[in-house]
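Here is a short report on a structure with several chains. Keep the sequence and the 3D view open as you read.

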Amino acid sequence: MMNRMAIWVLGMAGLAVPAIAQSGLPMPSPVEKELAARASNVTEVTLGKNMLAFAAKFLDGKDKDDEATRHLIEGLDGIYVRSYEFDKEGQYSPVEIEKLRSYFQTGGEWSSIVHEHDKKSGESTDVMMKMVNGNPHGLFVLDAEPKELSIVLILGPVKMEDLSRLSGIGGLGALGDLDMDSHGNANKNKDKEKDKAKAPKGKDGGDE
Amino acid sequence: MDFEWTDQPEKAGSSEQDREFELELRRAMERRPAPPSLKRRIMQKRSSQRTARQRTTVIWWQRLAASLLIGAVLAGGFGWRQMEERRKGEEAKQQVMTALRITNQVLNNMNRKLAEHDRSDNGK
Amino acid sequence: MAQRWQPDFEQLVDEHQSMVFSLAWRMTGDRGLAEEVAQDVFLELDRHMERIESPEHALNWLRRVSVSRSADALRRRRVRGVDLWVEIEDKHGAPVEERQSPLETRLEQLLSTLPEAQRAALVLRYQEDLTPEEIAAAVEAPLATVKSNLHRGLKLLRAKASTHLKEFIRGL
C-alpha cells in the first residue's frame with residue numbers, strides 16, 4: 001500500500017516538475033524548441049549560480065552601472081531568459097502559453113501574482129513569485145505579445161528594489177519609459193526598437 | 001710476539017723467526033700479474049660507458065631543452081589562459097546584460113499592460 | 001711554469017693493473033671477484049681522472065679505492081672466514097704459481113681468513129711496502145688502529161701458519 005502510494009506521488013511529481021539541470025535551473029521545455037523553430041529571432045540565456053558569480057568578477061566595481069548589476073545578481077541561483085520574435089502574428093497558440101505556464105509553475109511554493117489575458121489581442125502576462133520564509137526567492141514572468149514571446153525566470157533571493165531600478169542601469173532601457181501617443185496608448189514598436197536585445201537566432205546562454 | 005714497525009725490519013729487535021716469517025709473508029704477497037684479458041675488458045667497458053655517458057648527456061640536454069620549451073609554452077599558455085578567462089568573463093558579463101535587458105523589457109511590457117488594464121477599468 | 005701532469009688512462013692501467021688485481025685478490029680471496037673489483041676500480045678512476053694530480057696521487061688513489069671496493073664486494077657476498085676457506089680450497093686448488101713455495105701459497109690462503117681490517121693492513125704492508133702512516137692514510141683509519149691491526153693480524157696469521165705448517169709437514 002505504501003509502495004503504491006509512493007509510486008503515485010512520485011508519478012505526480014514527475015508530471016508537474018520539469019527536469020532540473022545540475023544548475024538548479026529547469027531544462028528547456030519541449031514547447032520552447034517548437035517556438036524557436038518558428039521564430040525569426042531567438043535569444044536564449046541560461047546562467048547558473050557559478051556562471052553568475054564568474055560574470056560578477058568582471059563587473060567593474062568602479063563603474064556605477066556595473067556595480068548596480070553586480071548587486072542585483074549577487075547571490076542569485078540562476079537566470080533563465082528566452083525571447084522569441086516572430087515575423088507575423090499567430091505564430092504561437094494559447095495552448096502553448098498554458099503549457100509554458102504549467103511547466104514553470106513547479107510545486108506549491110510558486111504563487112501567481114499577475115495573470116492577465118487579452119482575448120482580443122491575444123496578449124497575456126503571467127507573473128509568479130516563489131516565496132521562501134516570506135521572502136521572494138524566485139520570479140517568473142511570461143510575456144506574450146502578438147509577435148513576441150518572452151520568458152524570464154530568476155531563481156534565488158531576488159532583490160525586488162534592484163529589479164525596479166533596472167531602468168537606471170545604462171543600456172537596459174527605462175522601466176516605464178513609454179512613448180505614449182495622443183490616445184494614451186504606448187508606442188509599442190518604438191519601445192521594442194529601443195529596448196530589444198538584438199541577438200542572432202540561436203542560443204546565447206551557456207548552462208553550467 | 002711484538003713487532004717493531006720500521007721500514008727496516010731487519011734491523012728491528014725482533015727474533016730471527018719473526019723476520020723469517022715476515023720475509024715469507026712478503027714473498028707470498030708479491031704482486032700477482034693481472035690476467036691478460038683484464039686490460040682489454042677495462043678498455044672495452046670504459047669505451048661503452050663513455051658512449052653511454054655521452055648519450056645520457058645528450059638526453060639530458062634534450063630533456064633540458066624540452067623542459068625549457070614546455071616551460072615557455074606553459075608560460076605562454078598561462079598568458080593565453082588569462083586572456084581566455086578575460087574573454088569568457090566578458091562574454092558572461094554580456095550574457096548577464098542581455099538577460100537583464102530582456103527582463104527589463106518584459107517588466108516594461110508588464111507595467112504597460114497593467115497600466116492599460118487600469119485605464120480601461122477606470123474608463124468603464 | 002711546470003706543466004700540469006696529464007694522466008694517460010691506458011698507461012695507468014698498464015702500470016697498476018697488477019697491483020690493483022693483487023690487492024683485490026688478497027682482500028677477497030676470490031680470483032673472479034678480484035677481476036671484477038679491478039675492473040670497477042679502473043672504471044672509477046676514469047670517472048675521476050680530472051682530480052688525479054700526479055703519478056703518486058694516482059698510485060695512492062688506486063690503493064685506497066682497491067681496498068675499499070674489495071671490502072664492499074666482500075660485504076655484498078657476506079663471505080665468512082670459514083666459507084672463504086672452502087672457496088680458497090676450491091679455487092686455489094688450481095695451478096699454483098711455480099715461483100711460490102707451498103708455505104707461501106698457504107700463507108696467502110690463510111691471509112684470506114683474517115678479519116678484513118687486519119687483512120687490509122697486512123696486504124698494504126707486505127704487498128705494497130707501505131709504512132703504518134701510509135696505511136692509515138690509505139684506509140682512512142687512525143694510526144694507532146692500523147698498528148693494532150698489523151700487530152694482531154700478524155700474530156693471528158703466524159698462529160694459523162704454525163698450525164697448518166705442522167699439518168703440512170706431517171702430510172709430506
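## Strands E5 and E6 of chain A

Strand E5(A) and strand E6 (residues 148-155) of chain A run antiparallel and are joined by 8 bridges. Strands (E) are DSSP runs of at least two residues, helices (H or I) are runs of at least four, and both are numbered from the N terminus. Two strands pair if DSSP finds at least two bridges between them. Phe140(A) stands opposite Leu153(A) in E6(A). The two strands form a hairpin, with 2 residues between E5(A) and E6(A).

E5(A) is mostly covered, with 8 of its 11 residues buried. A residue is buried if 20 or more other C-beta atoms lie within 10 Å of its own, exposed if 12 or fewer, and partly exposed in between; the C-beta atoms are placed from the backbone.

## How to read the model

This is a predicted model: local features need pLDDT of at least 70, side-chain atom pairs count only at pLDDT 80 or more, and totals for chains, interfaces and linings use all residues. Residues are numbered from 1 along each chain as its sequence is written, while chains are lettered from A and ligands numbered from 1 in the order in which they are written.

E4(A) and E5(A) form a hairpin with 2 residues between them. Asn133(A) is found in the loop between E4 and strand E5 (135-145) of chain A. Its phi is near 50°, a positive value in a residue other than glycine. Is Asn133(A) buried or exposed? Asn133(A) counts as exposed, because it has 5 C-beta neighbours inside 10 Å.

Strand E3 (residues 110-117) and strand E4 (residues 124-132) of chain A run antiparallel, with 7 bridges. Ser111(A) stands opposite Met129(A) in E4(A). Here the hairpin has 6 residues between its strands, and Gly122(A) in the turn has a positive phi of about 85°.

## A helix with a buried face

Helix H3 (residues 49-57) of chain A has four names to find: Met51(A), Leu52(A), Ala55(A) and Ala56(A) are its buried residues. Seen down the axis of H3(A), they fall within an arc of 140°, so they line one face of the helix. The arc is that of the directions from the helix axis to the C-beta atoms. On the other side of H3(A), Asn50(A) and Lys57(A) are exposed.

## Chain C

Chain C has 8 helices and 0 strands. Of its 172 residues, 40% are buried. Glu140(C) lies in the loop between helix H7 (132-139) and helix H8 (143-171) of chain C. Glu140(C) is not a glycine, yet has a positive phi of about 55°. It counts as exposed, because it has 9 C-beta neighbours inside 10 Å.

## Where chain B touches chain C

How many residues of chain B are in contact with chain C? There are 24 residues of chain B in contact with 31 residues of chain C. Two residues are in contact if their C-beta atoms, placed from the backbone, lie within 7 Å. Helix H1 (16-28) and helix H2 (36-123) of chain B each supply at least two residues of the side that touches chain C. The largest share of that side, 8 residues, comes from H2(B).

## Confidence in chain B

Chain B averages a pLDDT of 80, and 85% of the residues score at least 70. pLDDT is the predictor's confidence in each residue, from 0 to 100. Over residues 6-13 of chain B, pLDDT stays under 50.
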